[in-house]
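Subject: Structure for your review

Dear colleague,

Please find below the structure that I am handing over to you. My notes on what was found in it follow.

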Amino acid sequence: MAPVTARNIFKKFDDVLAVNGMSLTVPDGEFMVLLGPSGCGKTTFLRIVCGLERQTSGDLIIGGNLVNDIPPRARGVAMMFQSYGLYPHYTVRNNIAFPLKTQHVSRGEIDKKVNWAASLLGISHLLDRRPRQLSGGERQRVALARALVREPTALLLDEPLSNLDAKMRASARQDIRQFQQRVGITTIYVTHDQVEAMGMGDRIAVIDHGRIRQVGTPVEIYEDPADRFVATFVGTPPMNLVARNGGYLGFRPENFLPKEMINGSDAAEFSFRVDRSEYLGSERIVYGVLDGFNPAEVIAAKLPPAHVAEESIRPGEWHRFAVRRGALRYFDANGKRAMSH
Amino acid sequence: MRRAVLNAASDGAFYGAVAIFVVLTAFPFYWMLITSLKSNPDLYNVANTPFWFNETPTLEHFRYLFEQTLFARWLLNSLIIGLCVVAITLAAAVPAGYSLARMTGRNGEALGIGIFLTYLVPPTLLFLPLSRVVASLGLQNSMWSLVLVYPTFTIPFCTWLLMGFFKAMPVEIEEAAIVDGCSLFGAFVRMVLPLSIPAILTVVIFTFTLTLQEFVYALTFISTSAQKPVTLGVATDLVRGDIFFWGEIMAGALIASIPVAIAYNLFLDRFISGITGGAVK
Ligand SMILES: Nc1ncnc2c1ncn2[C@@H]1O[C@H](COP(=O)(O)OP(=O)(O)OP(=O)(O)O)[C@@H](O)[C@H]1O
Ligand SMILES: [Mg+2]
């Protein structure tokens with residue numbers, strides 16, 4: 001258990017700059033989520049942290065030691081691979097036991113820990129099978145058990161839940177988080193699922209094209225996105241952005257409300273033409289355009305509960321909508337967060 | 001009705017094609033077998049039908065082979081040469097194939113192809129320079145010269161073969177082992193080697209077959225009967241002038257081909273089937 005610090009890490013593959021100057025500090029015991037679109041360099045960064053890949057430049061510090069030239073086995077981190085990397089010629093039991101065997105842990109201790117990890121992930125009945133006799137989700141849990149079974153300096157998880165069904169994913173999310181909090185292990189968790197990121201992370205690092213766009217708590221990321229990328233990557237639907245005064249004006253769909261819902265005068269008002277309406281059970285989302293703005297900028301509004309079931313706001317109609325001033329976000333011409341414009 | 005006829009016709013065509021191949025490949029063995037069991041009068045009478053026994057079969061040729069020639073010695077020589085060459089080939093080709101597959105990046109591909117190309121240089125060109133090497137090592141007329149020479153063509157081919165196999169093996173397995181506390185070499189021994197058993201067996205059988213059937217080098221480097229491998233012994237010592245000891249030649253060829261046939265049929269299929277399944281998504 002140790003803090004992990006990356007200082008200005010670059011990684012270049014031939015002509016691809018996979019990691020483009022990432023600096024990140026994960027304090028001891030923190031659950032850090034790396035969130036970003038496919039191909040943004042998340043896996044590459046994890047591979048650098050665990051030592052499978054050597055960074056082109058930059059420093060990596062684990063537990064206060066500079067580990068640039070330390071081989072993976074001496075770094076003591078555990079990693080769960082995006083594609084699992086199970087040992088096909090070992091049983092599930094031996095797969096999970098392997099990291100302990102290389103540390104020369106005693107037999108009794110190994111048995112105890114393997115059984116503990118297996119029951120934590122609900123795979124106790126699979127211990128004598130081989131990986132090829134497992135379903136995708138079961139393989140994923142074996143890989144996870146193998147990463148959890150020893151006490152690593154840091155735990156790296158590369159999209160560990162992507163193959164589970166929705167129900168199992170929710171419970172695994174909880175299990176991982178509980179385990180992490182109980183053991184207090186420094187964790188870097190890679191995902192491109194923002195629900196996972198928001199729900200699990202102590203902090204989230206949003207990554208795009210090999211760069212960290214913002215690091216912050218889920219609330220900071222959601223409420224105060226540092227730039228247009230973060231604003232539009234997080235949230236379903238994402239933050240609405242319209243061009244104004246050479247910059248951009250942003251507001252979340254749930255803050256874009258029928259005018260009569262907003263009491264007090266400190267609000268920005270718009271004429272909103274509804275084009276499309278989506279009923280999602282617990283909520284209704286309508287899409288349309290704003291009068292006086294570029295009609296290519298599609299605006300989403302998440303309607304409050306009162307409007308969900310009854311269709312009081314229908315496609316083709318014009319309505320007065322408003323956003324409280326406090327909920328408005330400004331971005332400059334380069335997409336960076338600004339205080340106003 | 002029409003459909004049934006069509007089905008029968010396509011079945012017929014399929015089995016017909018298979019039958020042709022079966023006859024084509026099995027015929028030499030059949031020929032070897034009956035020839036080795038025919039008595040000499042039966043063999044050399046032009047009036048007899050050659051496809052079946054005209055007189056009672058005999059084991060005379062086998063007896064002659066083992067009692068009147070050095071056939072047993074040749075078999076032993078072939079076995080020793082084969083085992084040594086297999087060991088040398090494995091020792092060189094496994095690490096070489098692995099390094100080419102994993103550690104040399106883009107240049108590895110070109111290097112691998114280059115290595116494979118050396119396999120294509122015909123022995124008829126190579127035996128001249130190699131005979132100098134053999135002579136300077138004092139190995140002329142000794143079967144150990146073959147142990148030295150055969151790896152020059154088995155190693156390139158097997159390196160290339162193994163390279164392809166290692167490339168197809170998911171690298172995550174080794175990486176997981178490395179993160180789980182193995183050194184690179186440890187991951188190689190504990191993960192790569194056990195998972196490569198099918199490929200390694202292929203290499204063993206291939207190498208052994210290749211050394212068993214090799215003729216040109218053996219012919220040029222060895223003249224003493226006691227040093228000959230079985231292919232050379234059968235072909236040279238059983239042809240005196242223009243007399244071919246057909247019965248003995250066929251008996252020798254049959255015995256030499258049996259172990260190879262067994263190896264191919266028993267081991268290969270069994271080991272190649274799905275050892276690597278389930279490692280990755
Ligand atoms: N070994 C490699 N050689 C060349 N390019 C690579 C290599 N590994 C990754 N890349 C490139 O680096 C970039 C980042 O890849 P990476 O695997 O880190 O993305 P990721 O964020 O994990 O994506 P995903 O969410 O799809 O897993 C990609 O453009 C990829 O093509
Ligand atoms: Mg990835």
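How far does a backbone N or O atom of A:Gly41 lie from an oxygen atom of ligand 1? The separation is 3.0 Å. Please bear in mind that this is a predicted model, and that the distance is therefore a computed value.

Surroundings of ligand 1

A backbone N or O atom of A:Cys40 is found 3.2 Å from an oxygen atom of ligand 1. The side chain of A:Lys42 also takes part, with an N or O atom 2.8 Å from an oxygen atom of the ligand. Taken on its own, ligand 1 has 640 Å² of accessible area, and the protein covers 62% of this. Two elements of chain A, strand E2 (16-26) and H1, each give two or more residues to the shell around the ligand. Helix H1 of chain A provides the largest share, with 3 residues.

There are 13 residues around ligand 1, and those that come nearest are A:Ser38, A:Gly39, A:Lys42, A:Thr43 and A:Thr44.

The magnesium ion

A:Thr43, one of the residues that come nearest to ligand 1, is also a donor to the magnesium ion (ligand 2), through its OG1 atom. The other protein donor is OE1 of A:Gln82, and the two donors lie 1.8 to 2.3 Å from the ion. The pair brings together distant parts of the chain, 39 residues apart: A:Thr43 belongs to helix H1 (residues 42-50) of chain A, whereas A:Gln82 sits in the loop between strand E6 (78-80) and helix H3 (92-102) of chain A.

An open sheet

Elsewhere in chain A, 5 strands form an open sheet with antiparallel pairing, in the order E13-E17-E14-E15-E16. Its edges are strand E13 (257-258) and strand E16 (299-303) of chain A, each of which pairs on one side only. Within the sheet, strand E14 (residues 267-279) and strand E15 (residues 284-290) of chain A are joined by 7 bridges in the antiparallel sense. A:Arg276 stands opposite A:Tyr287, a residue of E15 in chain A.

With kind regards

Definitions and conventions
Residues numbered from 1 in each chain as written. Chains lettered and ligands numbered in written order. Predicted model: local features only at pLDDT ≥ 70, side-chain atom pairs only at ≥ 80, totals over all residues. Heavy atoms only, no water. Donors = N, O, S within 2.8 Å, 3.2 Å for Na, K, Ca; no water. Helix = DSSP H or I, 4+ residues; strand = E, 2+ residues; numbered from the N terminus. Near = heavy atom within 4 Å. Polar contact = N/O pair within 3.5 Å; in protein donor to acceptor, adjacent residues only side chain to side chain. Areas by Shrake-Rupley, 256 points an atom, 1.4 Å probe, with all protein chains shown as cover. Pairing = 2+ DSSP bridges.
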